[in-house]
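I opened a new model today and kept notes as I went. The entries below follow the order in which I looked things up.

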Amino acid sequence: MKHPLIVGNWKLNGNKNTITNLIIALVNNLSNISKCNIAVAPPVMYLDIVRHYLLDSHIQLCAQNVDVHFSGSFTGDISAEMLKDLHTRYVIIGHSERRIHHKENDVYIAKKFSILKKIGLIPILCIGENKNEYDSGYTQSICINQIKTITKLIGVEALKNSVIAYEPIWAIGSGNSASPENVQAVHKFIRDYIASCDVSVANTITMQYGGSVTPENVIQFLNQKDIDGVLVGAASLKADSFAAIVQIAEKYEQLHHS
Ligand code: PGA
């Protein structure tokens, strides 16, 4: 049984001062956690500051983005090797905010996935549908197509031990999370699809839900069989609420899987 994976995506927020205070508070509040995997994703320029505070902690470092090149004339970009150099463990790719604001498509995201696997970093592949697609009943086909681009390019084996975060775009930052039962159904559909390609790979995948997760609703998601963790945006920006989410997951694990 794998431990739940709780990741805080800080997006484009904070400064040296607030980020330092946030990570110090999290390290203190979460020192007793042994049944959850935890990671935080600060803005890239603060990765090294956060890493400094994580040296004696089991909280892991996550990056919010990566470039498709290892090095060269690509002004402003950050390579997977640079992230690895800073002891980053996870990298978020395919987030809807990058798909929308930076026009990143499935093929480009698949290239990022491939680079991360090559270098030994764990991709957190975000997938999910927008409101129109949800209303039209296209959720499952959208999610599968987003995954298929990767398996076509580099094979289903590449998905082994990776993280897939199902994030309905309409639920992100809206205060209206998706219903836990619907998320469970989507996760099961995705896992079954991957199992139809390769059962052993399907069993190694961690499936997170993301979209307005809070301390109040997290338990309902963790209670679902195919939800292995959560990707948290707004509620990860305050030490109290992110720590509360992790503590709830820890208690749940103690009760159900010890
Ligand atoms: P949210 O963001 O928790 O603020 O909805 C989630 C995400 O974008 O990963």
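**Entry 1: a cut-off first.** I call a residue buried under 20% relative accessible area, exposed over 50%, and partly exposed in between. The model is predicted, so I kept to local features with pLDDT of at least 70.

**Entry 2: His 87.** Is His 87 buried or exposed? I found 55% relative accessibility, so His 87 counts as exposed. I then placed His 87 in the loop between helix 3 and strand 4 (90-93). Its phi is near 65°, a positive value in a residue other than glycine.

**Entry 3: Lys 11.** I noted another positive phi at Lys 11, about 50°, and this residue is not a glycine either. Lys 11 sits in the loop between strand 1 (5-9) and helix 1. For context, most residues other than glycine have a negative phi.

**Entry 4: overall form.** I counted eleven helices and eight strands in the protein. The C-alpha trace spans about 50 × 45 × 35 Å along the principal axes. Does the radius of gyration agree or disagree with a compact globule? For 258 residues, such a globule would have a value near 18 Å; the protein has 17 Å, which agrees. Buried residues make up 52% of the 258 residues. I also looked at contacts between residues at least 6 apart in sequence, and 73% of them join residues at least 24 apart.

**Entry 5: helix 2.** Which residues of helix 2 (residues 47-54) are buried? I listed Leu 47, Val 50 and Leu 54. Seen down the helix axis, the buried residues fall within an arc of 70°, so they line one face of helix 2. Next I asked what covers the buried residues of helix 2. The cover includes helix 1 (16-29), strand 2 (37-41), strand 3 (60-63) and helix 3 (80-85).

**Entry 6: the largest pocket.** I read off a volume of about 600 Å³ for the largest pocket. It is lined by 22 residues, and the closest to its centre are Val 44, Gln 64, Asn 65, Arg 98 and His 102. By class, I recorded eight nonpolar, seven polar and seven charged residues in the lining. Which helix gives the most to the lining? Helix 4 does, with three residues. Helix 4 (96-101) and helix 5 (106-119) each supply at least two residues of this lining.

Terms used: Residues are numbered from 1 along each chain as its sequence is written. This is a predicted model: local features need pLDDT of at least 70, side-chain atom pairs count only at pLDDT 80 or more; totals for chains, interfaces and linings use all residues. Side-chain values use heavy atoms; hydrogens and water are left out. On a 1 Å grid over the protein atoms alone, a cavity is a set of points where a 1.4 Å probe fits but cannot get out, and a pocket is an open set with protein on both sides within 12 Å along at least five of seven lines; lining residues have an atom within 4 Å of a point. Grid points are joined across faces, edges and corners, and a volume is the space filled by probe spheres set on the points. Helices (H or I, at least four residues) and strands (E, at least two) are DSSP runs, numbered from the N terminus. Ala, Val, Leu, Ile, Met, Phe, Trp, Tyr, Cys and Pro count as nonpolar, Asp, Glu, Lys and Arg as charged, and the others, Gly among them, as polar. Buried means under 20% relative accessible area, exposed over 50%, partly exposed in between (1.4 Å probe, protein chains only). The arc is that of the directions from the helix axis to the C-beta atoms. Contact means heavy atoms within 4.5 Å. The radius of gyration is taken over C-alpha atoms; the globule rule is 2.2 Å times the number of residues to the power 0.38.
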